[in-house]
Amino acid sequence: MGRSYAVVGTGAIGGFYGSLLQKIGLEVHFLLHRDYEHVKQHGLAISSINGDFTLPQVNAYNNVKDMPRCDVVIIALKTTQNHLLPDLLPPLIKQGGIVLTLQNGLGIEPEIASVVGENIEILGGLCFICSNKISPGKIHHIDYGQIQLAAYGTEGITNTMRQIAADFEQASIPIQMEENLMLTRWKKLVWNIPFNGLSVVLNAKTDAIMADLHGRKMAEQLMREVVAAAAGYGLEIKESFIQQRLEDTVKMKPYLTSMKLDYDCHHPMEIEAIFGNPMRAAQQVSVPVPQMTMLYQQLKFLEARNW
């Protein structure tokens, strides 16, 4: 019998990956908020570059106390909701269970560890995906989809990682297992910091930023600051990685980042996890990050006026 999964946060990420896991016959339980009534009645609908499909019936809940304890708990909430984790996680986790967080930013896993304790394995999953929730229970997968998987609190590839990777790969979710979670997180920030931030401040999609000389220059300067901050922790990110990320963004279908969508919908933006924590981490090792700091301050200013 396969592993059971709980998905905490059934949006563009949790809804998409959770649906693929259910599609291959795994037991998946979805926690929802605004979409609960709709999904309870109609299920989940996925439109994807890899093929559209519908799950007419899913295990949908609006309260963790009604959910069974599961082998793996996937956290797919925005980090702005992490203050809810002390209430959400304990009722869901089995003894010897696993928590897989699919959240962006830095400083995520220590926060989770403080809630679940030392005996629960925590994995970090970094999603390279363009996916949006377009209406209740409907998710549009636009491009990419790979998850980079790494273990928290230990280096190397663990048996737990291999087991989770096997489930995801069976569900046609590309997985890359990584040996160093912190290096993997800083590498993700190389893209997330420039494009999430600039998309809001410049009111632009990724293609517009890359098509403009000044936009591209800003993105590249921010990327170099992230690389310098990572180097302050002994984590090497090569120049070729920056160039590859820039090229990938040029090839990417025009995309409104998750932060830009949050801003346009007047939702809280993940400023602290994606900008504040890396900025403070750079300051702790005396690495100057003036562009990142300026972008952080601009986003805080815009968010305060957006309510």
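The following legends describe views of a predicted protein model.

**View 1. Overall fold of the predicted model.** The protein is built from 12 helices and 10 strands. Its radius of gyration is 19 Å, close to the 19 Å given by the globule rule for 307 residues, so the protein is as compact as a globular protein of that length. Along the principal axes, the C-alpha atoms occupy a box of roughly 50 × 40 × 35 Å.

**View 2. Burial and contacts within the protein.** Of the 307 residues, 54% count as buried, that is, with under 20% relative accessible area. When contacts between residues at least 6 apart in sequence are considered, 68% of them join residues at least 24 apart.

**View 3. Surface and charged side chains.** The protein carries 26 positive and 30 negative side chains.

**View 4. Close-up of strands E1 and E2.** Strand E1 comprises residues 4–8, and strand E2 comprises residues 27–31. The two strands pair in the parallel sense, with 5 bridges between them. Within this pairing, serine 4 has glutamate 27 of E2 as its bridge partner.

**View 5. Close-up of the cover over strand E2.** Strand E2 is mostly covered, with 4 of its 5 residues buried. This strand is also the parallel partner of E1, and glutamate 27 in E2 is bridged to serine 4.

Methods. Residues are numbered from 1 along each chain as its sequence is written. This is a predicted model: local features need pLDDT of at least 70, side-chain atom pairs count only at pLDDT 80 or more; totals for chains, interfaces and linings use all residues. Side-chain values use heavy atoms; hydrogens and water are left out. The radius of gyration is taken over C-alpha atoms; the globule rule is 2.2 Å times the number of residues to the power 0.38. Buried means under 20% relative accessible area, exposed over 50%, partly exposed in between (1.4 Å probe, protein chains only). Contact means heavy atoms within 4.5 Å. Lys and Arg count as positive and Asp and Glu as negative; His and the chain ends are not counted. The place of a charge is taken as NZ of Lys, CZ of Arg, CG of Asp or CD of Glu. Two strands pair if DSSP finds at least two bridges between them.
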